[in-house]
Amino acid sequence: MSEIMSNAPVYYAVAQAQFNPVAAMAKYVEQIQDQLRRAGYSLFEPQQIMHLVVPEQGQGQPQKPEIEQTKAWLMTRSDRTSGFVLTPTGITYHTTHYQTHNEFIPQLLRGLAAVHEAVSLEHISRLGLRYLDAVLPRAGETIDQYLVGGLHGIDFNAPRQHAISETVFSTESGPLVSEGTLVVKVYQMTGPVGFPPDMLPAGLAMDPRFAVNHVPEHSVIDTDHYVAGQLPVEMGTLNEQLVSLHGAIKSVFSATTTDFARGAWA
């Protein structure tokens with residue numbers, strides 16, 4: 001995934017930095033938005049984002065999950081191919097028109113630098129990359145030709161509605177955090193290409209190649225690689241950390257897909 005494929009399977013990519021909470025973020029949004037507007041992210045859309053909070057379960061009465069609202073600010077390109085989502089605790093760069101990590105990673109750092117200049121962040125608490133790849137077999141092909149053995153699901157004499165495989169790895173990373181977490185999920189389903197409920201592309205338009213309503217059985221490879229800790233807000237070393245995270249994603253992508261698949265996407 002470091003070189004441009006003529007038929008690349010990536011249909012959504014996310015890079016995120018979480019930082020020490022800034023309760024007064026709304027005071028600084030105008031300054032941050034102006035910088036990113038000048039960089040080409042001209043659409044500005046304040047939003048309330050709903051998310052599920054699952055409390056830690058201790059002694060006594062079990063605590064029920066709750067729905068909370070978080071203030072967010074979307075700063076998006078006018079063609080809605082990519083943009084930023086800013087909250088009081090983090091900034092996300094996302095795109096539905098991914099090219100290579102050489103263009104992708106610097107955009108997150110551009111947004112993070114704009115935030116840091118405005119609010120003087122103390123540290124980064126979590127840094128991660130996540131990719132969704134659509135495995136869409138062509139006429140006469142099957143998913144099995146694209147995915148390695150072990151990811152084909154259970155064979156049974158009945159129509160399959162969906163199948164899910166999940167593997168979590170501890171990875172070697174660097175230079176700021178030596179151990180990362182890599183989560184790889186492989187979904188098989190029939191229907192339109194979609195998104196996990198925790199990964200909706202707010203404000204973006206889907207690439208027409210993947211925005212089809214009627215597709216045969218297909219697969220989605222969901223790869224999430226992140227590190228956590230107290231990372232210094234130094235763009236050079238954060239870039240190195242992100243490139244390290246991407247390297248493992250590239251390797252596990254090759255371990256998940258076949259030579260046939262990569263030839264079809266080349």
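Tutor: Let's start with helix α2 (residues 101-119) and helix α3 (residues 235-256), whose axes come within 10 Å and cross at roughly 145 degrees. Axes here are lines fitted to C-alpha atoms, for helices over the stretch in contact, and angles run from 0 to 180 degrees between N-to-C directions. Helices (H or I, at least four residues) and strands (E, at least two) are DSSP runs, numbered from the N terminus. This is a predicted model, in which local features need pLDDT of at least 70 and side-chain atom pairs count only at pLDDT 80 or more, while totals for chains, interfaces and linings use all residues. Residues are numbered from 1 along each chain as its sequence is written, and side-chain values use heavy atoms, with hydrogens and water left out.

On the α2 side, His101, Ile105, Leu108, Leu109, Leu112, Ala113 and His116 make the contact, and they meet Met235, Leu238, Asn239, Leu242, Val243 and His246 of α3. Contact means heavy atoms within 4.5 Å. Sorted by type, the residues of this contact are nine nonpolar, four polar and no charged (Ala, Val, Leu, Ile, Met, Phe, Trp, Tyr, Cys and Pro count as nonpolar, Asp, Glu, Lys and Arg as charged, and the others, Gly among them, as polar).

Now to the salt bridges, of which the structure holds eight. Each is a side-chain nitrogen of Lys or Arg within 4 Å of a carboxyl oxygen of Asp or Glu. In helix α1 (residues 25-38), arginine 37 and aspartate 34 lie three residues apart, about one turn of the helix, and their side chains meet in a salt bridge at 2.6 Å, N to O. Aspartate 34 also meets arginine 38, at 3.1 Å, N to O; these two are four residues apart in α1, again about one helical turn. Arginine 38 is exposed at 64% relative accessible area, while aspartate 34 is partly exposed at 28% (buried means under 20%, exposed over 50%, partly exposed in between, with a 1.4 Å probe and protein chains only).

Another salt bridge joins aspartate 222 and arginine 130, with the closest N and O atoms 2.8 Å apart. Aspartate 222 lies in strand β9 (residues 217-231) and arginine 130 in strand β6 (residues 124-135), so the pair ties together parts 92 residues apart in sequence. Aspartate 222 is buried at 2% relative accessibility, and arginine 130 is buried at 13%.
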